[in-house]
Amino acid sequence: DPQHAFEILKPAYQTAYRLGLATSFLPKEYGGGGVSNVDLQIAAEELCAVDAGFACILRFNVLALKPVEWFGSEDQKRRFIGEACNDPTASYLAGWTVSEPDGTASFDDPNAFPTGMRTTAVKRSDGHYVLNGSKLWPSSAAGWDMKGANVNTCVVRTGKSVGGKAGLGVAMVPRGTPGLTFGPPLYKLGQRSNQNNAVHFDDVAIPPENIFAEGNGDLVISKAFTWSGPVAAIAAVGVARAAYEFALQFS
């Protein structure tokens with residue numbers, strides 16, 4: 001059962017959190033470790049040689065918070081990164097919630113809604129943004145108990161009349177926000193200890209201070225996946241190395 005596989009890793013995750021692995025790639029001024037990308041590659045390879053699914057839990061936790069570091073305000077950095085790096089339960093999870101059921105490769109398509117990203121964030125008269133739509137494949141978004149990660153970093157369409165290069169932004173959606181629900185973990189062949197769910201937004205209202213990079217959401221996606229690309233590559237190296245060593249020992 002993929003959710004059970006995810007849940008039983010919580011004690012290992014808490015140990016990794018206390019060692020700094022879950023937050024070591026975030027800035028020191030907010031409680032992170034501030035380590036380099038070279039250190040990240042070394043750690044990722046060794047973790048993936050044992051369990052790539054567990055490594056993904058750590059990787060996407062940081063991936064969800066790097067956009068706040070790059071594009072968020074000082075207040076947002078202190079609130080979201082500070083909270084992530086100073087969790088007394090050592091179990092903080094952040095979901096990187098981007099992909100959608102219809103695919104996300106066309107996120108920066110110049111055409112307006114409904115082309116590309118379809119999860120919308122419409123600004124109300126009181127300044128709050130109301131989210132509607134669905135996401136698919138995010139890691140850890142449903143949290144340890146299927147009630148949500150501590151926060152989900154969601155790329156949303158904040159402007160329907162323009163294309164993806166100008167109409168996207170990022171919404172930080174905390175755990176327990178009304179209207180936020182999760183589908184069961186997807187049943188997949190590999191990385192079964194890494195939780196992937198559908199996420200549904202039904203009139204999910206968040207305050208304006210939880211929105212950033214409005215009009216620059218395409219840059220957030222591009223930079224995040226550029227940053228994480230080498231991690232995915234070295235993860236494959238770690239898995240391949242472990243497979244080779246297993247086959248050699250078996251033979």
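Which residues is Ser-193 in contact with, leaving aside its neighbours within four places in sequence? They are Ala-5, Phe-6, Leu-9, Asp-51, Gly-53, Phe-54 and Ile-57, where contact means heavy atoms within 4.5 Å. Keep in mind that this is a predicted model, so local features need pLDDT of at least 70 and side-chain atom pairs count only at pLDDT 80 or more, while totals for chains, interfaces and linings use all residues. Residues are numbered from 1 along each chain as its sequence is written, and side-chain values use heavy atoms, with hydrogens and water left out.

**Around Ser-193**

- You'll find Ser-193 in the loop between β6 (180-182) and β7 (196-206); strands here are DSSP runs of E with at least two residues, helices are runs of H or I with at least four, and both are numbered from the N terminus.
- Ser-193 is buried, with a relative accessible area of 9%; buried means under 20%, exposed over 50%, and partly exposed in between, using a 1.4 Å probe and protein chains only.
- Its side chain makes a polar contact with the side chain of Asp-51, at 3.1 Å.
- A polar contact is a pair of N or O atoms within 3.5 Å; within protein, one must be able to donate a hydrogen and the other to accept it, and residues adjacent in sequence count only if both atoms are side-chain atoms.

- In α2 (residues 10-19), the buried residues are Tyr-13, Gln-14, Ala-16 and Tyr-17.
- These four sit on the same side of α2 because they cover an arc of only 160° around the axis, the arc being that of the directions from the helix axis to the C-beta atoms.

- Going from Phe-113 to Pro-114, the peptide bond is cis, with omega near 15°.
- Pro-114 belongs to the loop between β1 (94-97) and β2 (120-123).
- Trp-137 isn't a glycine, yet it has a positive phi of about 85°.
- This tryptophan is in strand β3 (residues 129-139), and Trp-137 counts as partly exposed at 46% relative accessibility.
- Ser-140 isn't a glycine either, and its phi is positive at about 70°.
- Look for Ser-140 in the loop between β3 and β4 (151-157), where Ser-140 is buried with a relative accessible area of 1%.
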